[in-house]
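Biologist: I am new to this structure. Please take one part and walk me through it closely.

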Amino acid sequence: MVEGIIGLPNYGLSCCVNSLLQSFFATPELTSLLNKCVEFGKKIPEDRNVPLNLLKLTEDVQNCRSVHSAHRKLLQCLDKNRITHSVQHDAGEIFLSFLHLIHKQTESPELAEEILQLYKITVLDYLQCNVCQNISQSNSFLLTLLLDIQGPSATLEKSIKLFFDPQEISGRSPPFCDFCKEKRPGKKGLKLLSLPKILCLQIKRAYFERHRGLPIKLNSELEFSEMLDLQQILHVDHLAESFQKENCKYGLYAVIVHSGSPICGHYIAYIKLDNAWYCANDSSVYKVPWNEVAKTSGCSPKSCYAFRETAYMLLYRRSDT
């Protein structure tokens, strides 16, 4: 045990949930909002109440108390909310399920929205016709950016830029243009409207190989750093007119790492606390240097091996100062 970080036992494939919990413990902005949730009462039974059980476990961690009882109760609570801890899970899906349950089970609509705003990336979804240049658009939001790895020297900055680059849509099924009143080739993309306090980036490391009929893990390298400045990454065409360019700098504070295959693998978390990095591997917690975290960026195809530890989710905190 390290002060501020406590290991969590693995009860039948709960490593995925454990690693995500470590990232939540390292997000005090979420904890302070969960404290307010309890003030609004308990319409949902305690054994099904995710915000309440997550708060109780977080408080035990913060006060360096035994976490066994609260940890088990939270896993049982998740099980009753269809997140079974004895099943191999995808960390990205469980992260979104966690946020959905917290949002759904928060009694106050204002507070529920405040929790969502902590992670909410608002975007302008647009479609432009190549013939008449008419643009149809609508506002939407994301809770994570799902990033592709492209090329042998891929970096996080390149993948974020690629995410916002418009894509040409043509071929046999072009989109329908409201102005032309028929299907026309066009380009589709997203423009950034606003950024959240906590920016969650998920790396697309699994793909489906049809001839094998199985999901395959991609261990290719995607280089990332401790600091991220989106203003330096994104082009003006990636930003909506109303986007505020201030506060685009982020610092990395949690990395969810996966090893093994999509069917049979293991998750751990690297957490930054007081300018030091720690590895939380279920019940084991120990200090590590930054270069140990950076190694999880992946590897070249020639040096890759199946069970290599690779970064799967990156959580950055906006620097408001």
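**A close look at the salt bridges**

Modeller: Asp-47 has a relative accessibility of 38%, so the residue counts as partly exposed. Keep in mind that this is a predicted model. Asp-47 has a partner. Its side chain meets that of Lys-80 in a salt bridge, at 2.7 Å from N to O. Lys-80 belongs to helix H4, residues 68–80, while Asp-47 sits in the loop between helices H2 (28–39) and H3 (50–62), so the contact ties together parts 33 residues apart in sequence. Lys-80 is also partly exposed, with a relative accessible area of 40%.

Now take a second pair. Lys-188 and Asp-125 join their side chains in a salt bridge, at 3.1 Å from N to O. This pair links distant parts of the chain. Lys-188 lies in strand S7 (residues 186–194) and Asp-125 in strand S1 (residues 121–129), 63 residues apart. Lys-188 is partly exposed at 37% relative accessibility. Asp-125 is partly exposed too, with a relative accessible area of 24%. Buried would require under 20%.

Glu-292 has a relative accessible area of 32%, which makes the residue partly exposed.

These pairs are part of a longer list. The structure holds 10 salt bridges, including the one between Lys-80 and Asp-47.

Note on methods
Residues are numbered from 1 along each chain as its sequence is written. This is a predicted model: local features need pLDDT of at least 70, side-chain atom pairs count only at pLDDT 80 or more; totals for chains, interfaces and linings use all residues. Side-chain values use heavy atoms; hydrogens and water are left out. A salt bridge is a side-chain nitrogen of Lys or Arg within 4 Å of a carboxyl oxygen of Asp or Glu. Helices (H or I, at least four residues) and strands (E, at least two) are DSSP runs, numbered from the N terminus. Buried means under 20% relative accessible area, exposed over 50%, partly exposed in between (1.4 Å probe, protein chains only).
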